[in-house]
Amino acid sequence: MTVPDLVPDATHDIERPPEPKFTKWLRWIVLIALVLPLMWSAAGLEISPSRIWKAPGQILTLLGGMFPPDWTGTPKTLELILESLYVAWIGTIIGATLSFPLAFLAATNVAPRWITLPVRSFLSAIRAFPELVLAIMFIPAFGLGPFAGTLAIGLHSIGTLGKLSSEVIEGVDDGPIEAIKASGGTFFQQMRFGVVPQALPTIVAYWLYRFEINIRASAVLGVIGAGGVGAEIVGRLRFRGDWPKAGAVLILTVLTVLLIDTASSSIRRRIITGHSSASRPAKWMSALLGAGKPPSTDLIET
Amino acid sequence: MTAPQDSLTPAAMGTIQRPEPPIQVSKLAVPLVAAIAGFAVAGLSGSQPVAWGLLIGAATAAFLYWQNLARSPALLVATVVAGIASLSIFDAILESRTTVIEWTLSARASLGWVLFGLVVGFAFSWASRPALPIQGVIARSIATSVAFGLASFLALQAGSSIGYIPALRGREIDAGAIQDLGTAFYVQGSAIIGGIGLSAAIALRVRNGALFAGAASLTMTLVAVNQIDFSIRELLRSFTRIGELADQFWPPDWAWPKTIGQPEAVHIFEPFVETLQIAVIGATIGCILAVPIAFSASRPTAPNYATYWFAKSFMNVVRTIPDLFWGILFATAVGFGSPFAGALAMVMFSLSIMAKLLSETVDSIDLGPLEAAKSSGSRHWQMVQYSAYPQVAPNYIAYALYIFELNIRASVVIGIVGAGGIGRLLDERRNFFQWDQVMAIVMVIFAAVILIEVFSIWIRKKIV
C-alpha cells in the first residue's frame, strides 16, 4: 500500500495559482455600490417594509377583481385594438419610408462626413423624445385622436430605424460598391445595386421588429387620448373602477400582441436565415416559445 | 425548396423546351382598353357591380396573360365573366339586406368571391397541367377560392364592425339607417379582397412569399390610412397653425416650479430625482429577480421540462405587456401617483428584458463545464452556480448597464400614466394646458435622455 504516499507529494509540488488580488474587496465594494443607491432610492420614494409587505396583497386584490373578466364589451375592444394596429402600421410605414433615404445619408461608408454628422445628430435628436412625449406635443396641433399618435410613432420610428438601418449599411461588403464604381456606375447605381441587395433583408427585419414595438407603443398612446386601446384600459381601471371589463381588455390586448409578435418574429427569422429546416409543428412550437435555433434577430430598444 | 418551379416545365419529361413566346404588348392592350371602356360604360349607366366586376376580371386576365400564366382566350374570357358574375352576386346579396351586415350575411355574400376564386385558381394552374396532375389543379383552385372567400368574409366583417362600409358607422347603426354601398365601398372592398385573394393565388403558383407580403402590406396600408383618417393634406394644413401654437409653447416657462404658490411647491428637479430612484430600484431588483427565471428558461440549465416551459411562458407573457401598462396596473393596485407603482412597473420591465437576454445567452454556453460538474456529483443548482453562471457573468453585467439606461428612459414617461416621476408633472401641467411649462419639462427630459445616451456610450467604451 504505497499508493497513498504519492498524494501528499503531488499536492506539494503543484503550485497553486495566486489568488486574484482584491476579489474579496471587490465583492464588498460592488455590494455596497448596489445597496447604497437602492436604500437611497427606497428612502426617497418612501418605500417602507410595511408597504412592500402590503403590495402583494394589493396586487392580488386587483387581479382577483379582474377575474372573471367581463366579455360584454368585446366588439368595441376589438375595434380599438384594430385602431391601435392601424396606428402602429402607418407609423411604421412613415418611419420606414422616411428613414430609408436618411439611413444612406447617415452611413459613414457611403456619405461624406459633413453630411453624416448633421443627419446623425438629427436622428438621435428625434430619437431622444419618447413617443408619449411627442404625442403630448402633437395633440394641441393635430387634435385628440389617432392622427397625433400616428405622427408621434412615425417620427420616433424615423429616429430608431434610421440609426439601425445606417448601421446595417455601414456593415455591408465594400466589394460590390467598388466594382460598380470602377465600371462607371453613378452614386445612385452604387447604392441600388451595391448596397441595397446586401442591406435590405436586415433592414426589412428591423422594420418588422419596429412594427412589433410600435404596437405596444400605440396601445399605450390611448392613455393620453391619441387613439387606440390604451384609453379603454386606463378609463376602466382609473376612472370607472370597472375591473372585470379592464381584465377582458387587457387579456385581448395581450393575446393580439402575442399573436402578432409570433407571426412577425417567424417572418423575420425567415427573412434573415432563409428556410428553417425544422418540421412544421416544431417550428410553430419554437415560434410560440421564442426558442429557435437561428440567431436571435431581436434587439431591445424602446 | 425551389424544385416545384422547375418541374413545371416540359423539360422534365425529356422533350426539348420551347422558348417562351415574347409578350406582345399590342395583344395585352386589347383586353385592357376593352375593360376600361366597359368600365366607363357600366359606370356611366349606373351599374356599379358590373363596372367593378369587369374591372377586376379584366385586370386579373391581363395579369394572367402578361405573366404568361394563362394564354388560352377561353380562360381569359372566363376570368372576366367570373369577375362580373361574382361581383353581381356579391352585390345582389348585400343590397337585399335588411339589417346591419352580420356573420351569415357576410358568409353568403362571400359566395360570389368564392366563385371568382375558383375560376382564377383554375386559370392559374391550368397551364402547368402536364407536370401538375389534375387533382393538383383542382386542389389549387379550391385553395384559391378559399383564400378569396376568406378575404371577402374578413373584409365584410371588418367593414361592418369598424365602419368602412359607409352606412354602418356608429350612431347610424342604432338609428337603423342603411344607405347604398358607395364607391368607397367598392374601391376598398376590391382592394382588400382582390389584393389578398390574388396574391394568395400568385403565391401558390410561383411560390413567392415576397409578392404576397407586398400585396398584403399595400392592402393593410390602404385600409389603415382610411380607418384612422390619415391624410397628408391634414398634416400640411396643421403646419399653418404652427405659428399660433409656437406662441403657447414658447418661451418655455422656467420660473414656475419655484414660484408656484402652494404649500407643496414642486421643484422641477425633485421629480427628476424621483425618476432616477425609480430607475435604480427597477433595474437592480429586476436584474436580480431575472436570474433564476433566465436559468430556468434555458434548456441547458432548466431543472426539468415543466419548469422550463413555465419560465418561458411567464417570460413571454410579461414581455408582451408594455411597461406603461404595468404602470397603470400597479398604480391601480398600490395607489395613483405613487412612485412605488412606477418602481414595481420598472421591476417587471427590467425583469422581462433581462430574462430574455440572459436566457438566450445561457442557451449558447459551452456545455463542457456543466457535464464536468454533473459527473463529479454536484446538484443541479450547484452546477448552474459554478459552471453556467461564470460563463455568462460578463454578459450579465453588460446587460445590466444597458437595462439601467433603458430604465431611466422608460421611467421618464411612466408618470404620465400615474406612476410617479417627472412624467406625473408633465401630465399635470398638460391637463392645465400650461404648454410653456410642458415645454420646459420636455426640454429637460430631452437634455437628460441625450446626456444618458452619451454617458452610457462612454461607459461602454470604457468597459469593453
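Is A:Leu36 buried or exposed? Select A:Leu36 to start: A:Leu36 counts as exposed because its relative accessibility is 53% (buried is under 20% relative accessible area, exposed over 50%, partly exposed in between, with a 1.4 Å probe and protein chains only).

Before moving on, note that this is a predicted model, where local features need pLDDT of at least 70, side-chain atom pairs count only at pLDDT 80 or more, and totals for chains, interfaces and linings use all residues. Residues are numbered from 1 along each chain as its sequence is written, chains are lettered from A in the order in which they are written, and side-chain values use heavy atoms, without hydrogens and water.

Next, show helix α2 of chain A, residues 23–44, where A:Leu36 is found (helices are DSSP runs of H or I, at least four residues, numbered from the N terminus).

Now for the partner chain. The contact takes 70 residues from chain A and 75 residues from chain B, contact meaning heavy atoms within 4.5 Å. One salt bridge is counted between chain A and chain B (a side-chain nitrogen of Lys or Arg within 4 Å of a carboxyl oxygen of Asp or Glu). Select A:Arg127 and B:Glu453 to see a salt bridge whose closest N and O atoms are 3.1 Å apart.

Finally, colour chain B by pLDDT, the predictor's confidence in each residue, from 0 to 100. The chain B average is 75, and 69% of the residues score at least 70. Where pLDDT is low, the predicted coordinates should not be read in detail.

Methods: Helix = DSSP H or I, 4+ residues; strand = E, 2+ residues; numbered from the N terminus.
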